[in-house]
Amino acid sequence: MFSANQITVSSNYPYYIGWDYESGYRADQIFTMLNSTSSFNVQKMENVQLTVHDFTTGIFLKPLLAALNWSGLSGTSEYNDLLNWNGNMTVNSTAATIYYFWQQNLVNDTFLPYLQKYNITPSDGLYQNAFFLGSDATYHGPLIEDLVNWTMNDPNTHWFNNPQTGQSRNLSTVMLSAYNQTLQDLNNKFGSISGKWQWGNSHTRYLSSLFGISSLSTENLPAAGDSNTPDAAYGLHSDFGPSWRMVVNMSQPENGVGIYPGGASEYLLSQYYDNTFAAWNSGTYYTLIPTGAPEPFAYLYRGGVSP
């Protein structure tokens, strides 16, 4: 059994259970790992929780590379980074940066002409929710799901055409347009491809103050992952995600491991305010009941033992 904010019933489920679910690519990656791993142990389960592989790269990356080859854009540093990339959103990956911003542009380039045709403005919700190209459109709502479906099954669908200009387009041409825009934006921001393009230079995590006081928030740390990785880190400056991590071998529950990124009391002088944030961000786990803990703790974990 697993869950990563995806809808948990099939399409023919007869009752209404809400609509605000992620598109399911984190869950797809977890399912893939669970079904390809045997003899699970604590370390293997930690690997599932900490994976920063973006499942959508298995759908979009190959057609993108084919489009770049077709257009004569192969052989560049950017192309080679994508060609040799494993789809993991690690902090030192330049391909991860290219892919993230390219995917954002791909969604925009495909659907913005339709929203403009029907005069959808910010007052109507443009750029504010997943249905209208909000920041969550690559992991939430129908737009990214449509793109996945068309990429896999109908790359020449008429929905790629531009209804504003009448331009005839297909998956490859829209992918190329989004790619060229991405490289232009990255070059304008960072200069030619270099270490400045690494994902951790654009993508960070921090713990935000419960009171919205920035001086009480933690520092920003370079962070792996994105909105479609099991170790989710939403947006470019992520302040929420899978915070409490725990793995327990039920045959030895007293040896369970886990970590929480920091306290939530807003008491700045507490030694626990953010003392585990950096360790949590880097994927560290701690033994929850340390060796030598008082014997009364055992009743929580051992059958037949009383407090």
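Colleague: Which residues does Ser-217 touch, not counting residues up to four places away in sequence?

Modeller: Keeping in mind that this is a predicted model, Ser-217 touches Tyr-206, Leu-207, Ser-208 and Ser-209, once residues up to four places away in sequence are left out.

Colleague: Is Ser-217 buried or exposed?

Modeller: Ser-217 counts as buried, because its relative accessible area is 19% and the cut-off for buried is under 20%.

Colleague: Switching topic, what do the buried residues of H1 pack against?

Modeller: They pack against helix H2 (42-50) and helix H6 (142-153), and the buried residues in question are Tyr-25, Arg-26, Ala-27, Gln-29, Ile-30 and Met-33.

Colleague: What about the largest pocket, what is its volume?

Modeller: The largest pocket has a volume of about 520 Å³. Of the 20 residues that line this pocket, Ser-3, Ile-30, Met-45, Val-48 and Gln-49 are the closest to its centre.

Colleague: Which elements give two or more residues to that lining?

Modeller: Those elements are H1, H2 and strand E4 (245-247).

Colleague: How do the residues of the lining divide into nonpolar, polar and charged?

Modeller: The lining of the largest pocket divides into 14 nonpolar residues, four polar ones and two charged ones.

Methods
Residues numbered from 1 in each chain as written. Predicted model: local features only at pLDDT ≥ 70, side-chain atom pairs only at ≥ 80, totals over all residues. Heavy atoms only, no water. Buried < 20%, exposed > 50% of the residue type's maximum accessible area, 1.4 Å probe, protein only. Helix = DSSP H or I, 4+ residues; strand = E, 2+ residues; numbered from the N terminus. Contact = heavy atoms within 4.5 Å. 1 Å grid on protein atoms, 1.4 Å probe; cavity = no way out; pocket = protein on both sides within 12 Å on 5 of 7 lines; lining within 4 Å. Points joined across faces, edges and corners; volume = space filled by probe spheres on them. Nonpolar A, V, L, I, M, F, W, Y, C, P; charged D, E, K, R; others polar.
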